[in-house]
Every structure is written in structure tokens, then in C-alpha cells.
Amino acid sequence: MTEEPQLRGADYKVEIPSGLPFKEWLYKWLLDPEIEGNHLETVDKWVGLLIVGNMFALLFEHVPAVFEPNKLWFHLFDIVSVVVFTAEYLTRLYLAPVDHEFKDKRFPTLRYIFSPFAIIDFLAIIPFYLQSFIAVDLRILRALRLLRILKLFRVIIPAIHDFRIANQDRTFRQKMHAIIYPSEYGGKLHELFDSFIVLWVVVSVIAVIFESVQSIHYILNIEFVIVDAIAVGVFTVEYFLRLYTCVEEPGFQHAIMGRIKQAKQTSSIIDFLAILPFFLEVFLHHLFDLRFLRVFRLMRLLKLTRYTEATATLGKVIAREWPFMAASGFIMLLLVVLTASLGYLFEHEAQPDKFENIPQSIYWAVITLASVGYGDLTPVTPMGRAMTIILALMGIGIFAIPAALLSAAFSDQLRIDREKLLNRLYEMLSAGKLSMEDADIINREAKRLHISEEELQRLYERAKKEREMMDDISALPIHKIAAVPEHAVEHYKTLIAEIKELSLMTDRARFEELAISKDRITQTDLALWRVIQSNLPLSKNNPGEGNTPPPQSAV
Amino acid sequence: MEQHAQTSVPKKLGPTWVDILFLIFLVGVLVSVTLLGRLAYEEGMKTESSKENGEAWVKWMTDSSDSRFKEGFQPAACAGGPAVAGAVDKERKELMRAARIAAKKAGTEDEPITIGDIATGSWGECFKALTQKGGPLSNLKNAFSGETLTLVAKCDPGDLSTAGGFMLEKNVTTPLGSAVPTVTSTLADNDSIVDKINVRVTICDKGAYPTKIAEFDF
């Protein structure tokens with residue numbers, strides 16, 4: 001039996017039948033990897049974050065200036081982590097008899113206990129309990145806590161397994177491409193790669209921000225150096241991997257030109273600028289003061305634009321509304337220059353030190369127009385003040401135009417994106433129903449556009465209805481039918497069939513008599529009528545008629 | 001949705017020689033980044049050493065901030081309190097007397113008498129005593145130049161030779177109603193340390209930017 005495709009919105013949550021035994025229900029609700037929309041993804045995500053948090057806690061425990069004053073918080077965090085990991089371990093242990101992997105085996109719980117993942121989970125929590133009974137050296141304890149990182153294998157190994165299956169007939173470079181670029185072959189491993197990069201972007205940006213805080217920088221100077229070096233290592237490898245595998249992308253296939261084209265992409269330039277300050281500072285710090293380059297490390301934040309559609313949408317919106325925004329910018333420019341000149345004219349004599357020249361007056365005009373009003377430059381002459389009133393009132397309207405334009409364009413863009421999804425659904429429904437692949441694509445798009453399940457269902461119904469209407473050609477206006485010759489033929493056949501039906505049901509003799517006597521139809525139309533009915537069987541209204549050849553003149 | 005061009009079935013699925021070359025290049029990149037990271041780490045450690053130098057000064061000065069006002073404090077040049085104040089007065093009087101004799105000889109008795117710097121109880125003498133051979137802070141080295149740690153007037157990013165050096169400044173409270181509560185200036189050789197003074201220790205990091213170590217009473 002084939003599985004029916006299912007449309008799922010961004011808020012999709014699976015409904016687990018409540019009639020199941022509790023253990024089975026809990027497994028399906030919480031841990032079953034085969035049920036999409038259950039809470040496994042959430043569990044994996046939060047446990048993953050906790051593991052990363054543990055690694056950072058472990059790192060900071062080696063910094064006495066951070067650890068000593070916050071010892072209690074570190075200890076509490078450790079307790080919370082162990083409680084969560086223990087709860088996870090015990091839940092998995094409890095659910096082992098219904099787990100797909102163990103339920104068909106003898107002694108499923110025992111089998112689970114000795115499975116690699118369960119051993120890893122056990123090793124992640126046991127040092128904490130051991131220290132209550134045995135005096136363990138703090139350094140050994142910390143080293144054992146490092147084992148918690150192994151818990152990530154619970155996510156990584158299945159991802160590698162799925163990746164290998166999906167890529168078994170593919171080359172090395174294609175596999176690398178699938179990990180780095182979004183494609184139908186990447187699966188969970190690609191998501192993990194993205195998460196890894198995002199994690200390092202966030203860590204390095206936080207490091208750059210905290211580096212500017214003198215008191216933190218003083219304590220963690222060397223840790224910041226290490227974090228930056230590792231982040232640059234990660235980003236450099238990512239940069240070269242992207243350049244190497246980009247030739248698998250459509251439009252980038254050429255070995256050299258494809259890579260040059262990729263290097264010129266905005267995202268690649270951002271990637272390059274994210275690593276450049278490190279190399280420049282290491283090589284040239286003896287020659288120049290390159291500390292200012294450190295701020296450019298914040299550009300790493302722009303790497304995140306690869307993972308969100310928000311900036312692409314902003315780009316589209318600005319590109320679309322550019323003529324209007326340029327016009328409003330031009331009006332603003334005119335206003336600023338004119339009022340600054342007048343400000344200079346009226347105020348220069350009264351305040352030669354403040355309204356020294358027109359560029360200084362431009363600063364005053366912009367500050368006033370934008371309703372910022374720092375107050376460092378204020379007019380004192382009656383004319384200057386009168387002009388300030390006008391300028392401030394105009395500023396409210398003028399500065400509101402681009403904001404309103406952008407806001408309207410944003411919501412419009414969202415509507416366009418949804419229309420596109422609707423059109424896509426419409427195209428996909430041409431075969432009558434959605435395939436599994438189509439449903440997958442639509443589900444991904446719905447997730448991207450944050451369309452709820454209810455809304456997606458509504459769009460689907462609308463597309464389906466429109467598609468059904470499309471199938472009923474007769475419901476379309478005649479010019480739309482005429483535009484498609486295939487539809488025109490179908491429509492013609494329908495019309496002929498209707499005429500045939502009419503002639504079968506009506507009194508043909510009376511029809512002809514009326515048509516001829518009162519000149520209701522032309523001779524040509526009458527001839528056509530006769531041709532159509534010549535091949536019709538006899539009807540109860542027209543006995544003895546039919547199969548009469550039409551007159552030659554009429555044909 | 002992106003379309004991907006991976007339609008033809010390749011003959012060889014394992015890494016090709018181009019892939020292997022790329023992997024070697026990637027390993028090379030990783031090794032280079034590691035080496036550069038190590039270089040940055042070593043430079044960072046030099047700043048850490050400079051901070052340790054500054055902290056050593058802070059430790060000595062804070063440890064001595066009370067004891068230097070007691071009798072028998074060593075080095076004596078850094079001592080303060082009434083006994084030193086008396087010695088300062090004595091030296092001032094001697095200098096005045098010598099200046100008057102000199103003025104008499106020169107026939108300029110009517111002009112105001114000026115005397116030279118008083119060495120007793122001054123920061124310059126104390127600094128010499130601390131950094132001279134055998135002094136408590138004589139073994140500190142500049143992590144960047146490898147030479148004996150020197151006092152700099154100002155951390156100057158335009159002059160990288162100041163990297164690793166350290167600055168000593170005094171904070172002087174301004175009179176009530178002033179725009180700023182304190183004024184900070186470089187601790188000069190002739191500044192008196194007979195009474196307690198508020199000091200700020202700053203080191204110059206890798207880029208010769210100032211990094212404040214501490215502010216305390218000495």
C-alpha cells in the first residue's frame with residue numbers, strides 16, 4: 001500500500017493515538033525516529049545545546065577568574081545537566097522494550113544497556129554519581145565529563161548512516177558538496193554541518209563583543225586568541241570546501257570559471273572577509289596598527305545570512321521599491337541642502353562658530369529633519385527658528401515615506417511568496433494529486449515561509465478547487481479557451497456534443513420549420529445543423545428521420 | 001527549491017587524484033592556520049607576561065602601602081611618613097641655605113631663591129631602589145623586547161617599541177566643584193611619595209595599547 005502524501009505547516013505536530021499502551025504511546029510521542037512531527041527533534045536539539053553548554057562550562061572552569069567567583073553557578077549547571085541526562089537515560093531504558101531497534105530481540109532492556117549509545121549516555125552521567133562515593137581527583141572528573149561530548153554521536157551516527165545510503169552512487173566531490181551545500185542528498189548531515197558553522201559564528205561574534213569589554217578581555221585574553229584561531233580554522237576550511245565543491249552547483253560547473261564565479265558571490269566575499277583580519281593581523285601587525293581590523297570580525301555575523309531568507313527578502317524589497325525610495329531620497333536631499341543653505345544664511349551672522357559653513361548646517365538640517373534633535377546646534381534668530389519649525393514638521397512626513405514603503409513592500413513580498421507557493425501547488429496538482437516528493441517540497445517551503453498547517457491546508461484546497469475549475473473548460477471565458485488550441489478543440493467537441501444532444505431531444509421537423517419560416521438562422525447554420533444530425537440515430541421525437549444525407553449546397 | 005546538476009553516473013566513486021590534491025591542500029591550510037594560531041597565541045602570551053609584570057608591581061606596591069610608613073622599611077628610598085617628611089624638610093633647608101650662599105656670592109640676593117629637586121622621599125629615588133640590581137622588582141623583563149622592564153611615559157600604538165612597557169600614573173583629587181573628580185598624570189621622578197598617593201598601573205600590550213592593571217593607594 002502506498003503512503004498518502006501529507007501537507008505539514010510550520011507548526012505541524014503529529015497526533016499520537018491515545019488508545020495505545022502508555023509505553024508505546026510515550027515512545028511514539030517522544031523518541032520514535034520514524035514518526036515525523038513528534039518530540040524527538042526537540043529532545044535532540046535541547047540535549048545537543050546542553051552538551052555544547054557543558055563543553056563551554058568545562059572550558060571556563062579552567063579560568064580561575066571566571067570559575068572561582070561563580071563556582072556555585074557552575075555546580076548548579078552541572079547538576080541540571082546531569083538531571084536532564086539521567087532523565088533521558090532512564091526514559092530510553094524504560095522505553096527499550098518498545099524501541100524498534102530492540103523490541104524484536106531477547107531481553108531488549110539488557111540489549112539496550114549494552115548498546116554503544118546507552119554506554120555513552122551512561123558514561124556521561126556516571127562520574128557525577130561516582131564522586132559522591134569515591135574521592136575522585138577534580139582533573140580526572142573534568143576529563144570524564146568530556147565524555148558528554150560523545151552523546152552527540154547519537155545524532156551524528158544516524159545522520160552519517162542516512163547520508164551514506166543517499167550518496168552511495170556518488171563521487172567524493174559530490175558527497176562533499178552534499179554536506180556543504182543544500183541539496184536533496186545532504187539530509188541531516190548537512191543540517192549538522194550548518195549548525196556547526198552557525199555555532200562557531202555565534203561563538204566568535206560573542207567573543208569579539210566581549211573582547212571590547214576591558215574587564216572581560218583582561219581575564220580571558222588568551223582564551224579569545226584560541227577561540228579566534230579555531231574559528232578562523234573552521235571558516236577557512238569551510239571557505240575552501242565551498243570553492244572546491246561549488247562546481248557541482250548548477251551554473252558553476254566550469255572548473256575554473258565556476259570557482260571564480262563562486263568566489264565573486266556575495267556570500268563568498270563575506271566568508272573571505274570573515275577570515276581575512278586574522279591573517280592580516282598575524283602577518284602585518286609589526287608594520288601597521290591593525291587593531292581596527294578586529295571590528296571586521298563582526299562581519300562573521302553576515303555569514304548567518306546564508307541560513308535565513310530575511311536578508312534575501314530585504315534585498316528583493318529594496319530592489320523592487322528602489323525607484324520610489326530613490327525618489328523619496330532625492331526629495332530628502334533637496335530639502336536638506338535647501339534648508340541647510342537657508343540655515344547658514346540666517347544663522348551664520350548670529351552664531352559664526354556653530355553655523356560656520358554649509359556642511360555644518362547640513363548636519364543641523366539632517367538632525368532636525370530626522371527628529372533627533374541633539375541640541376548641540378540650535379537656531380537663535382527668529383527666521384532660523386521659523387524655518388526649524390517647518391523643517392521639523394516636514395521631516396516627520398518625509399522620513400516616514402521610506403519606512404512606510406519598506407513596511408508595505410515587506411508584507412507584499414510575503415504575499416507574493418505565498419502566491420508562488422499557491423502556484424506551485426497548482427502546478428503540482430496537474431496530475432490530479434500530490435506525489436510524496438511534491439509534498440516534501442511544499443512542506444519545506446511552508447516551513448521556510450512560516451505557514452501554519454491550517455493555512456497550508458487552506459491554500460491546498462484553494463489550489464485544488466482552481467485546478468478542478470481549470471479541468472472544466474466550459475467554465476472558463478471563451479477568450480481563455482481560445483488562447484489554448486487544445487482547449488479550443490475540447491471545447492468545440494463539447495459544443496458539437498451539446499448540439500447533437502439538442503437535436504436528439506427536440507422535434508427536428510418543427511425546429512427546421514421554424515428556422516426556415518422566420519429566418520431565425522442562416523442557411524449556413526441550417527446546413528451545419530443538418531450535417532450534425534445526419535449521423536444521429538432516430539429519436540422518439542423524430543421517427544423516420546436521421547441518416548439523411550445533407551443537401552450538397554449546404555455542405 | 002534549488003536544482004542540482006548531478007545526473008550522470010560517474011565511473012569512479014572514490015577520491016580522484018584532484019580530490020586527493022585538494023585534501024592535501026586542505027591539510028596544508030589547516031597546518032598553516034594552526035601555526036599562525038600558535039603565533040597569535042605566543043604573542044598573546046607575551047601580553048600575559050606583561051600583565052604579570054604589571055601585577056608584580058601592583059602586588060609589591062599594595063603590600064608595601066602600609067608597611068612603608070613604618071620604621072625600618074626597606075628600601076628606605078620608598079619609605080614615607082613623618083620621619084621621611086622630617087628628612088625632606090632637612091634636605092630642603094640645606095638646599096635653601098646653599099642657594100642663599102650662592103646668591104650672596106653672585107650678588108642676586110634680591111631675586112627669589114630657587115632650589116633643585118629634593119631627592120629624599122621622591123618617586124625617582126624609590127624607582128631606582130626598586131629596579132636597581134638586587135632590588136625587589138629588578139628581575140622583570142619586557143616580554144616583547146626581552147630587555148629589562150622599563151617605565152614608559154605613554155603607551156603609543158604608533159611606536160611599537162613601547163609594547164610590553166608599563167606606565168605609572170598618579171590620580172590627584174581635584175577641588176570641590178571641578179568638572180572632573182580626579183586628574184591623572186604620569187608619576188614624575190620628583191613627585192613626593194612621603195604621603196599616600198593614589199596610583200594607577202598600566203601596561204602596554206602587543207599593539208602598544210594601554211591595559212589598566214589596577215588603581216590603588218601606595
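A: What follows starts with the sheet, then moves to the disulfides and the spaces.

This is a predicted model, in which local features need pLDDT of at least 70, side-chain atom pairs count only at pLDDT 80 or more, and totals for chains, interfaces and linings use all residues. Residues are numbered from 1 along each chain as its sequence is written, chains are lettered from A and ligands numbered from 1 in the order in which they are written, and side-chain values use heavy atoms, with hydrogens and water left out.

Start with the sheet in chain B. Four strands form an open sheet there, in the order 2-1-3-4, with antiparallel pairing. Strands here are DSSP runs of E with at least two residues, helices are runs of H or I with at least four, and both are numbered from the N terminus. Two strands pair if DSSP finds at least two bridges between them.

The edges are strand 2 (182–186) and strand 4 (210–217) of chain B. Each has a single partner strand, so one side of each is left without a neighbour in the sheet. On average, neighbouring strands of this sheet are turned by 25° against each other, direction ignored. For such angles, axes are lines fitted to C-alpha atoms (for helices over the stretch in contact), and angles run from 0 to 180 degrees between N-to-C directions.

Now strand 1 of chain B. Five bridges join strand 1 to strand 2 of chain B, and the two run antiparallel. Two facing positions show this pairing. Asn171(B) stands opposite Thr184(B) in strand 2 of chain B. Thr173(B) stands opposite Thr182(B), also in strand 2 of chain B. Strand 3 of chain B is joined to strand 1 of chain B by six bridges, again antiparallel. Here Leu168(B) has Val201(B) in strand 3 of chain B as its bridge partner.

How much of strand 1 of chain B is buried? Six of its eight residues are, so strand 1 of chain B is largely enclosed by the rest of the structure. Buried means under 20% relative accessible area, exposed means over 50%, and partly exposed lies in between (1.4 Å probe, protein chains only).

The loop between strand 2 and strand 3 of chain B holds Ile193(B). Ile193(B) counts as buried because its relative accessibility is 0%. The C-alpha atoms of Ile193(B) and Ala208(B) are separated by 28 Å, while the residues are 15 apart along the chain.

Next, the disulfides. A disulfide is a pair of cysteine sulfur atoms within 2.5 Å. The structure holds two over all chains.

One reaches into the sheet. Cys155(B) is joined to Cys204(B), S to S 2.0 Å. This link is left-handed, with -85° about the S-S bond. Cys155(B) lies in the loop between helix 3 and strand 1 (166–173) of chain B and Cys204(B) in strand 3 (residues 198–204) of chain B, so the pair ties together parts that are 49 residues apart in sequence. Both Cys155(B) and Cys204(B) are buried.

The other disulfide joins Cys78(B) and Cys126(B), with sulfur atoms 1.9 Å apart. Its handedness is right, with 100° about the S-S bond. Cys78(B) sits in the loop between helix 1 (17–67) and helix 2 (82–106) of chain B, and Cys126(B) in helix 3 (residues 123–131) of chain B, 48 residues apart. Cys78(B) and Cys126(B) are both buried. In sequence order, the bonded cysteines of chain B pair 1-2, 3-4.

On a 1 Å grid over the protein atoms alone, a cavity is a set of points where a 1.4 Å probe fits but cannot get out; lining residues have an atom within 4 Å of a point. Grid points are joined across faces, edges and corners, and a volume is the space filled by probe spheres set on the points.

There are six cavities of 30 Å³ or more. The largest cavity has about 310 Å³ of space. Its lining has 20 residues, and the closest to its centre are Val225(A), Glu281(A), Arg294(A), Ala40(B) and Lys206(B). Helix 11 (214–245) and helix 13 (266–284) of chain A, with helix 1 of chain B, each give two or more residues to this lining. The lining divides into six nonpolar, five polar and nine charged residues. Ala, Val, Leu, Ile, Met, Phe, Trp, Tyr, Cys and Pro count as nonpolar, Asp, Glu, Lys and Arg as charged, and the others, Gly among them, as polar.

How values were computed. On a 1 Å grid over the protein atoms alone, a cavity is a set of points where a 1.4 Å probe fits but cannot get out, and a pocket is an open set with protein on both sides within 12 Å along at least five of seven lines; lining residues have an atom within 4 Å of a point.
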